[in-house]
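Have the viewer open as you read.

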Amino acid sequence: MKSYKKLAIPVIAVALAAGISTPGQAIHTYNHAGYWGGGFQTNDNIPTFGEFWWAPWYNHNDQTSSIDSENQNWMVYQDSYFRGQALDLKGRNFSNLAGYREGLPWWWGGDWNDSISSAKRI
């Protein structure tokens with residue numbers, strides 16, 4: 001067996017054991033409906049969208065208008081650090097969060113558009 005093949009097997013095993021995410025497990029957020037505008041992609045849990053800046057003066061907290069979950073199970077929250085009202089994406093994608101109210105109390109007058117502050121894979 002060639003030496004590079006001997007090395008490849010342990011490297012792959014370590015990567016799998018470490019839980020390294022594949023590109024198909026990412027969440028993509030966008031600042032506009034229709035999956036466009038400033039946004040970001042990550043495979044990791046996001047305790048606060050305020051850490052992601054798309055301009056020196058503008059972060060992603062409460063700016064998400066569409067989400068592509070790549071058919072993975074993610075939970076998004078109204079508040080930072082996985083607090084507040086939650087929306088289970090259940091592998092779904094949302095091209096427009098305006099008017100979408102699943103998971104919100106009946107008495108709260110808003111929707112999920114521009115209301116997301118954290119997300120984690122479930």
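## Starting from one bridge

Pick out M75 and look across to β8: its bridge partner there is K120. That contact belongs to a set of four bridges joining β6 to β8, with the two strands running antiparallel. Keep in mind that this is a predicted model.

## The sheet as a whole

Zoom out a bit and you get an open sheet of three strands, ordered β7-β6-β8, with antiparallel pairing. At the edges sit β7 (83-88) and β8 (118-121), each of which pairs on one side only. Ignoring direction, neighbouring strands of this sheet are turned by 25° against each other on average.

## The β6-β7 side

Now for the other partner of β6. Strand β6 covers residues 74-79, and four bridges join β6 to β7, again in an antiparallel run.

What do β6 and β7 form together? The two make a hairpin, with three residues between them.

## How covered is β6?

How many of the six residues of β6 are buried? Five of them are, so to speak, tucked away, and the strand counts as mostly covered. This is also the strand that sits between β7 and β8 in the sheet order.

Notes: Residues are numbered from 1 along each chain as its sequence is written. This is a predicted model: local features need pLDDT of at least 70, side-chain atom pairs count only at pLDDT 80 or more; totals for chains, interfaces and linings use all residues. Side-chain values use heavy atoms; hydrogens and water are left out. Two strands pair if DSSP finds at least two bridges between them. Axes are lines fitted to C-alpha atoms, for helices over the stretch in contact, and angles run from 0 to 180 degrees between N-to-C directions. Buried means under 20% relative accessible area, exposed over 50%, partly exposed in between (1.4 Å probe, protein chains only).
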